[in-house]
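Hi there,

I'm passing on the structure I promised you.

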2 protein chains.
Amino acid sequence: MEEKKKRVLLEVAYDGTAYHGWQLQPESITVEKVLNDTLSALLKEDIKVIGASRTDAGVHAYGNIAVFDTAARIPGEKISYALNQKLPEDIRIQKSAEVAPDFHPRKCDSRKTYEYRILNTEFPLPTKRLYSHWTYVPMDAEKMQEAAQVLIGEHDFTSFCSINSQAESPVRTIYDLTVRREGENEIVIRVTGNGFLYNMVRIIAGTLMEAGRGRLSAADVKEILEAKDRSKAGPTAPACGLTLVKYEFL
Amino acid sequence: MEEKKKRVLLEVAYDGTAYHGWQLQPESITVEKVLNDTLSALLKEDIKVIGASRTDAGVHAYGNIAVFDTAARIPGEKISYALNQKLPEDIRIQKSAEVAPDFHPRKCDSRKTYEYRILNTEFPLPTKRLYSHWTYVPMDAEKMQEAAQVLIGEHDFTSFCSINSQAESPVRTIYDLTVRREGENEIVIRVTGNGFLYNMVRIIAGTLMEAGRGRLSAADVKEILEAKDRSKAGPTAPACGLTLVKYEFL
């Protein structure tokens, strides 16, 4: 007799500092591995989660998504509390809920929001070092915001994709992209899209920083986009500045 | 022949997570010890800094102050760059400058500003865990702001001082004290005064949180202040939420 299983969705927040990214890797500690191990111990089943975004080493999240199937009787919405008791303090479930048995987080339409945070001070601030990218080069946030606008919409983002990407199509839609100052010395790039190519947000951040220091204009960024050539865009900004903020399923 | 020495002031930012506070202690790693050891190695002299605020274990700083005397020829304002090359990444000098030979950071009038940060969410956010105090109890920042106002001015702060304080007088002046929301889920208490008793900011934070959850009114906080009795005030809020933001010498 087959057990009745249910599918449970988790909203997963983590500090990526100590992890080799999300995805399972032999002999490395990853967020996916910790979730699998902790859920398997908690529910006394062999649990394998399906993740929505395979964030890179050092990238953080407020709300990455994972789903898994379980025969456990504990209600879906209670799993967050039980799981948080057993997880290390750099991973915390924000929500758990039962979803349809065929719900797959990478196979349905969604909007993802990322933030890239830049600390713009003469010297690094130790309390910000793990969650922002520090640069002493003065950044003009207004110029960054102006350049950012040319990336909004549906485009071929080949210029903003690392060459080892395995994506089938380089076309993505950016719904919103803003650059604003926060407090005295931070700049936050916030971008929402239907999906992002490999390293796309970090290459956008690296390119907008070139605009912020006056090396690229908005017209230059438009040319870079149209060139469909990774070598034309700015560098890939460091992982620690990046946080997956929100996942919305449509 | 005695060498000519100069006195150098440092503005010191640090992430207090890994340290047993500022002050030298046998067999513990403290910020003062790391500064002494690193400066002594850099300048090839036996350097002992004099600190302004002896922050507790786990408390952070953007700008604590230290001074030291040196016969080294390196200009005072260049020491920040040289020292930052050798310090661990959780301590960073923000500024260095030569000051008068008799300048003592604890013996001159100053204004100190602290921030106490509260994360008010259902579950902890891992990226905020080292720099804010998390509580799931809903906090009303307006009630906290209202209660905070009764503490502004010159008062006997005995009710807001840990009983093992060694201060000569419990009278201090708070110039400014505000409670405001930051973003969707953080509350920041910012307080500026001419000095603070032992644990005073953390006890103020713990008491304002009692106001934020509706257990104390502004009138209650006024009564607590007038009682001059530590047992009447709220608990000492955890160290990790506290940051020494700014030191100004008058």
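Glu248(A) sits in strand 10 of chain A, which covers residues 242-249; strands here are DSSP runs of E with at least two residues, helices are runs of H or I with at least four, and both are numbered from the N terminus. This is a predicted model, where local features need pLDDT of at least 70, side-chain atom pairs count only at pLDDT 80 or more, and totals for chains, interfaces and linings use all residues. Residues are numbered from 1 along each chain as its sequence is written, chains are lettered from A and ligands numbered from 1 in the order in which they are written, and side-chain values use heavy atoms, with hydrogens and water left out.

Apart from neighbours within four places in sequence, Glu248(A) is in contact (heavy atoms within 4.5 Å) with Asp109(A), Ser110(A), Arg111(A) and Thr113(A). Between the C-alpha atoms of Glu248(A) and Ile152(A), which are 96 residues apart along the chain, there are 19 Å.

Now for the whole of chain A. Its secondary structure comes to five helices and ten strands. Chain A has a radius of gyration of 19 Å, close to the 18 Å given by the globule rule for 250 residues, so it is as compact as a globular protein of that length. That radius is taken over C-alpha atoms, and the rule is 2.2 Å times the number of residues to the power 0.38. Buried residues make up 55% of the 250 residues in chain A.

Next, the interface. In chain A, 25 residues are in contact with 25 residues of chain B. The two chains, A and B, bury about 2,100 Å² between them, 60% of it on carbon and sulfur atoms; buried area is the accessible area (1.4 Å probe) that two parts lose on being put together, summed over both. There are four salt bridges between chain A and chain B, each a side-chain nitrogen of Lys or Arg within 4 Å of a carboxyl oxygen of Asp or Glu. In one salt bridge, the side chains of Arg129(A) and Glu89(B) meet at 3.5 Å, N to O. Strand 4 of chain A supplies the largest share of the side of chain A that touches chain B, five residues.

Enjoy exploring!

How values were computed
Buried means under 20% relative accessible area, exposed over 50%, partly exposed in between (1.4 Å probe, protein chains only).
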